[in-house]
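This report describes a structure through its chain contact, its charged pairs and its aromatic pairs. The sequence and the model are shown first.

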Amino acid sequence: MKVFVLGATGYIGQRLMEMLRNTSWAEAVGAARGHTLAPGESADVRIDAREPASLAAALRGFDAVINCVAGSARSISEGAQSLVQACQAAHCARIVHLSTMSVYGPAQGLLDEQAPLNPSLGWYGRAKCEAETHMSGFVHAGGEAVILRPGCVFGPGSELWVGRTARWLHSGRLGDLGTAGDGWSNLVHVDDVCQALLAALRLPVGAQHAPAFNLAAPDSPRWNEYFTDLAVATGATPVQRLSPRKLQLDAWIAGPPLKIAQLLMKRLGMNPAAVPDPLPPGLLRLWEQHIRLDASAATETLGVSWTPYEEGLQSSAQWFLQNSNRAGTVIEKPLWTH
Amino acid sequence: MISSASSIPHGALLEADVCVVGGGPAGIALTLALSENGLSVLLLESGFMKMDGKTQSLYEGEVVDQHMHSPPDKYRQRRLGGSSAIWGGRCMPFDPIDFEARNYIPHSGWPLSYEDLLPYYPQANALAEAGRFSYNAEEALGPQVAPMIRGFDSSRVRTSGLERFSCPTHFGSRYAKRLQLAPGVKVLLGANCTGIRLQADGRAVGLIEVSTLSGKQFSVRPRATVLAAGGLETARLLLASRDVVPAGVGNHHDVVGRYYMCHIAGNVGMLTIHGAPDSVRHGYELAPEGVYCRRRLSVTQSEQRRLGLANAVARLHFPRITDPAHRSGVLSGLFLARKMISYEYSKRLNDGAPPTLGTYAQHAFNVVKDPVDTTAFLTHWLTRRTFASRKFPSVILRNRTNRFSLEMHGEQIPQARSRVTLSGKADAMGMPQLRVDWRYSQADIDSVARSLDVFAQEFERTGTARLEYNRATLEEDLMRFGAYGGHHIGTARMGHDERSSVVNADCQVHSVHNLFVAGSAVFPTSSQANPTLTLIALSLRLGDTLSRRLQRSPVLQLEEVTA
């Protein structure tokens, strides 16, 4: 099977390429937007996913395409639209589209894939909902599509849910949040997402139907537990209990100047990592959102065998320690308070 | 979901798999566990999200000896979250010995073992936000941790034990959203259970009667009912429901309300530790998870068995606050500010005769003379307690002299004559009020004395410290404030024999197959431990028992059937 991977240089894309290359049945080509390639990154093809003609030319002869494109609202939504058009032009039969749990918007409770899509939670969720609509259009026009909706993808190398999170923990800006961190993390290991993407390539699908699958490890904990575990595993101890007020101040008062400073440094060609990561208000919403993905369909139909949470946690912590020169700092030191 | 009982039509009949009476830590833990297992739950909570004076006054009642027990409306809160709205947060499990039948403790022995409860403790710790289920200093704080008292090594006295502290978590506000979203759960606020109506044969609950303060009445017909109303209120409900069994539900053998226990507690003796002050760990330490922990002294289980001692612990404490001879500005400041502290927490700041003007003057002098320490203490208190989300658990003084009193907290030996009964008065709902007749025995005092003797012998043998206490005033020291407030234990005790117990090992009332009790009312013995963590663990276990018994039912949903 010839597989074309869009977004092959991203966190998930890179791991996916590795796993595809290790199969006996897939022949994979990875692509990324040329202008976003950083030194050291490599992709087989550089294309602009929003340009249907060039994309169609690239897709010719491929059996399937996996869409892992991240980025702005436009690259997500219009990118998906171009992809659909390009696949139709190039007779590429199947799209495996990586969506997100953000398509469920502010919904709470245990959600399976039948839950209605809700684009009301900001640009990201809206763009991802639009992208899914384009996938439905593709299916109605005779194509095949499989949609995957992962929760928060973590594992070694995850900047978003391990690197940045651990830095917040080490700087005392994150910890045990009480009710503000009582939402389910819906963490899913990057390997499990790639496993699901591979299975989706070969999943038999009926006509006029784009099956969707939630991806979240069934043993993924609530955010407070993850933050505490990651803090302990990386030595950010003793874990602090933070009040919702402190979090709000960090996000709303310190957030904007930090964001601006980061953008400025990027513009000036300096390393934005020197500025502390701003705490996006959207995350505060997420951490207290009691949304729990029901991923039983992925277990049963895609046959995903989930990486145990503890294993993902430890390997993630190890990656963080190795990459932040904090190795050896994990000592369980009690604090004598009086 | 959470709604008000006033939204239910008068005369309605509600159905659910399980009706839980009482939304404190036991009821909330149980309800969430049942929901996870697919059962529908109706949780009846008398109070609301906030304290309500009228509802709280439903707790009023009589106390036989006011010196021995606080009024029944103190140390209890009738609201969602129950008394966790005001608790101190001390969390520790019972010890294996607590579950054993000990021939030297009359009426001891649980129908279940420590191992039966052990699987539920870690989740209880999580719900109470007390960190890991780890109660050994080296395991919880790390292998390099300093000992409680340097140089003290004993096979008779354990010093590696820890107690952990909750935030303290208010279960009502902390878990409201979980309850709101839990599938199949309906929480009714302002819903007072006024009666357990048995079927004519007395073998099953027919209806649970509910009233609101405004006079609305409706009933619940559940497949199973769990009373989780607290150690006092559960007995009250059982005793007051007497239409089928005149002595009260489950009370064929006059056991309901008897064997009432609290804890034997007080500050005693003078411990002088030799060596430098930094060789002692007397205050709070933070575990990696950020939870406050504190060391404690206890006589080992084998030594308790050998000597026939009731279970007890001791913490290193400061001298009596009321006596200005301690010369501590912090303690004197606390004494002077005691009127600003709630009843529950100021009780032990008021002892003996009313203070004279001279006493006040001496306390004031202590504060003025000790400004640096007093200011440092206040700053610490404000940042670590008043404005902190995880609160510094209690007042700890800097150890300058290596002299302490011992804060004892001991098991009370169960006795049938210590009991609660119904009084002649009724509350606003027409429910008979409670009459509390708490008793302790000389054996309780004697056991504490002999534990202190073991401590003293071991301190002397190791040459680490000297413990002196006055045996003649020990009873007065331990009973100065009467029963330790807030721990209401044993009024619907658990056992195999219905002649001497109310519920079986499954927490089911012996004679009623679908009526259960959650909470410290079922504890047959009281342990050294505060009851909350164990009553949460036991409630989680009851959740499993009920889920197994009831399975998922396709028929019974939360429906209103207007009668």
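Does Ala32(A) count as buried or exposed? Ala32(A) counts as buried because its relative accessibility is 5%, where buried means under 20% relative accessible area, exposed over 50% and partly exposed in between (1.4 Å probe, protein chains only). Ala32(A) belongs to strand S2 of chain A, residues 27-32; helices (H or I, at least four residues) and strands (E, at least two) are DSSP runs, numbered from the N terminus. Between the C-alpha atoms of Ala32(A) and Met17(A), 15 residues apart along the chain, the distance is 12 Å.

The model is predicted: local features need pLDDT of at least 70 and side-chain atom pairs count only at pLDDT 80 or more, whereas totals for chains, interfaces and linings use all residues. Residues are numbered from 1 along each chain as its sequence is written, chains are lettered from A and ligands numbered from 1 in the order in which they are written, and side-chain values use heavy atoms, with hydrogens and water left out.

**Contact between the chains**

Chain B gives 31 residues to the contact and chain A gives 26 residues, contact meaning heavy atoms within 4.5 Å. About 2300 Å² is buried between chain B and chain A, with 55% of this area from carbon and sulfur atoms; buried area is the accessible area (1.4 Å probe) that two parts lose on being put together, summed over both. There are 7 residue pairs in polar contact between chain B and chain A, both residues at pLDDT 80 or more. A polar contact is a pair of N or O atoms within 3.5 Å; within protein, one must be able to donate a hydrogen and the other to accept it, and residues adjacent in sequence count only if both atoms are side-chain atoms. On the side of chain B that touches chain A, the elements that give two or more residues are helix H6 (171-181) and strand S12 (284-286) of chain B. The largest share of that side, 5 residues, comes from H6(B).

**Salt bridges**

Over all chains, 52 salt bridges are found, each a side-chain nitrogen of Lys or Arg within 4 Å of a carboxyl oxygen of Asp or Glu. Between chain B and chain A the count is 5 salt bridges.

| Pair | N to O distance |
|---|---|
| Asp191(A) and Arg15(A) | 2.5 Å |
| Arg178(B) and Asp182(A) | 2.6 Å |
| Arg480(B) and Glu476(B) | 3.7 Å |
| Glu36(B) and Arg292(A) | 3.9 Å |

Arg178(B) lies in helix H6 of chain B and Asp182(A) in the loop between helix H5 (159-170) and strand S9 (187-189) of chain A, so this pair joins two chains. Arg178(B) is buried at 16% relative accessible area, and Asp182(A) is buried at 2%. Both residues belong to a network of salt bridges that also links Asp176(A), Arg222(A), Arg241(A), Glu129(B), Arg174(B) and Arg390(B).

**Aromatic pairs**

The structure holds 30 aromatic pairs over all chains. Rings of Phe, Tyr and Trp (its six-membered ring) pair if their centres lie within 6.5 Å; planes under 30 degrees apart count as stacked, over 60 as edge-to-face and the rest as tilted. Phe4(A) and Phe62(A) are edge-to-face, at 5.1 Å centre to centre and 75° between the planes. Phe4(A) is buried, with a relative accessible area of 1%, and Phe62(A) counts as buried at 9%.
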